[in-house]
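Have the model open as you read.

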Amino acid sequence: MRTAAALAAAALLATGLTACGGGGESGAPTLKWYVYHEPSGAFAEAAAACTKAAGGKYSIKPVDLPNNADEQREQLVRRLAAHDGSIDIIGMDVIWTAEFAEAGWIKPFPASEADAVSKGRLKPAVKSGTFQHKLFAAPFNSNAEMLWYRTDLTKDPPKTWNDVLTQAAALRKAGKPDQILGQGQRYEGLVVWFTSLLESAGGHVLSADGTKVSLKQGPTEKALRIMRDISRSPSTPANFATAREDDGRLAWEKGGAAFMTNYSFVWPSANTNAPDIAKNMRWARFPAVDAGTPSKVAIGGFNLGVGGYSKHPDLAFQAVSCLVGEKNQIVNATKGGLLPVSQSLYDNKELTDATTDATVDGKTVKVRSFPYADVIKQELADAVVRPQTPYYNDVSLAIARTLHPTKGIDPAKDAKRLRDAVTRALKGEGLL
Amino acid sequence: MTAIPATGGVELARTGETKPEATPRVAMTSRARSERKLGWMLCAPAVTVMLLVTAYPIGYAIWLSLQRYDLRFPNDHAFVGLRNYGAVLGNSLWWQDLTNTLVITVLSVVIELVLGFLLAFVMHRAIFGRAVVRSSVLVPYGIITVVAAFAWRFAFDPTTGFVNGLLGTNRSWFTERWSSYFVIIFTEVWKTTPFMSLLLLAGFTLVPNDAVDAARVDGAGAYQRLRYIIIPLMKPAILVALLFRTLDAFRIFDTIYVQTRGAQDTESVSIIGYQTLISRLNLGLGSAVSVLIFACVLIIAFAFVKGFGTNLAQQRGESP
């Protein structure tokens, strides 16, 4: 009985019978912007600013999606597969572009708007919004992992993953905090780590057109060996196989760690929760695989697309052009801590001089919000995009499943297994 | 949902107690016939609604499972016959996950049965504060599964949890297979033992005190009274409880999803279904997985109901 009900629910879900609220329209159309709830209110501010700038042509209304990217995708897909015309603008994770474009759930940008929203933007960010040579999503904000370290433990930050291991071993011998923190759980974070290592080693997951598997033996083995060695290091905590970004942040603030690869959200958090550690906390470029070649990290962040069934696509493209404008990017950065996609903004005073309040010994002090702007600007300029294929979810699942737990990796054998798994994923057939 | 098995158990047991009819095979009287007709008419509306809300979606899922149908490629569907089933059944992942599911099901249901029996016994025998005992036992069952799963995940976490401190270890529970199983089964047992004990409590009330007293007078010890009087009389209630818990446990999803996301070889069949259907948007393949899960559930239910039939017949004194 309950099974039957569950099946009923699944079938209903599959047909996409989810009700969609139709809005009464009078005068200027209201464009609905489906995006996750941004707690600082930066998105709401951008929507209001662009509504005002439109001078009565349209108004933008943000509609909240869940905070978790997988859940956002689930909700959007259900609506879009049912041709929901009320979705005008979509806040999209950088990895969704190919899937949404292939299915017709988002529209390609007309040439003039495409130029406007890609001019002066970080190249990898623009690439993440492009599918089959057309721009489908405008870069909105960006992010990438850096290496965080502590000046009270490390004078010279490690340049390569091997340096990370040797420096941690030395700290361990000296009886100092030596933990290496990263993301080892079976989820998207593991795919980010693997992609960054593989690309830094000169390999790629897919061929340039995204239709065939690449994963050449040499670079793949190199990347896998690093993953295994880091996971087996005595400095890596025992719960690495379940660690995500936030577990890393919490462990870092406890003070037992020397190195951590993580996103920039750890900076304001440490300043608030652990000022004693934050005062010695520094950042460096994500470690390289080979000493001579700078690392390439997988880019993160959000793009804005226009819904494939929107009733006002022209206005929606105009609205997106406004929302991703540089003024809004600065608001997103200073208010919400979201990094811009316009390269020049990383040298802009409004951003480099921005401060956040932190509490040290009961007193409020000002801390620079983006002291790492230089480092991340370089990193983002050289960043890589995760595999661009409509089967991204399948590919990601195949990578995470094959490599987890990273402690057990056998580089030569697993490089082959990985190739087989990704090949299966690209066919979209069979269980993964 | 909880009310159905309880009353069901009582009903079945009562039928079990009635004296065998003198001539069970004679033609029905006209009164019996019209009573039966009335019965059908009374339940017709419910049956119609049930058919509407369950038969259609089940049929649709079966139809989908015979197609190549991926939401991401809306123009590429085709009828592929049983190919999706071949793809699922021919993959070692399905069999691995089916084994995982069965291990979790059997272990958690057995532990729940033993603990539930003890709890039911305590509740049955409690002389004072009976209401307090009964409602406090029910607290874990009142907690939403996802919340319980998160609570225990945090409790067993090496940095935020209290369990390691309590046991004086430094174990990372979710990084190894057997310890992940332990936490998942522990969470399931903690959460659903109260349900089991409630169903069994209903069974205890069926055991007439006279029978137990008579056995005592005849010199039966505590174990003999349990083994030869109480358990046989409770059998229908025990089977109902086992059936419902097994069906529930087989479809385990929330606890695993929250605690390990299926890593460390703890993945259940429902998780593959979720991944194929919701995450990969492959409706054809995902529906095949759902239909196979449904088939497994039917097999389990059939096996239990078969078990019932023979038991009822024995209790009625008919030859099996």
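Predicted model: local features only at pLDDT ≥ 70, side-chain atom pairs only at ≥ 80, totals over all residues.

Strand β8 (residues 179-181) of chain A runs parallel to β9(A), and three bridges link the two. Pairing here takes at least two DSSP bridges between two strands; strands are DSSP runs (E, at least two residues) and helices likewise (H or I, at least four), numbered from the N terminus. On the other pairing, strand β7 (residues 146-150) of chain A goes antiparallel to β9(A). Here are both partners of β9(A) set out together:

Residues count from 1 along each chain as its sequence is written, chains are lettered from A and ligands numbered from 1 in written order.

Zooming out, the order β8-β9-β7-β10 makes an open sheet of four strands in chain A, with mixed pairing. Because β8 and β10 (281-284) of chain A each have a single partner strand, they stand at the edges, and one side of each has no neighbour in the sheet. From one strand to the next, the twist averages 20°.

How buried is β9 (residues 257-262) of chain A? Six of its six residues are buried, meaning 20 or more other C-beta atoms within 10 Å of a residue's own, C-beta atoms being placed from the backbone.

Note on methods:
Buried ≥ 20, exposed ≤ 12 C-beta atoms within 10 Å, placed from the backbone. Axes fitted to C-alpha atoms, helices over the stretch in contact; angles between N-to-C directions.
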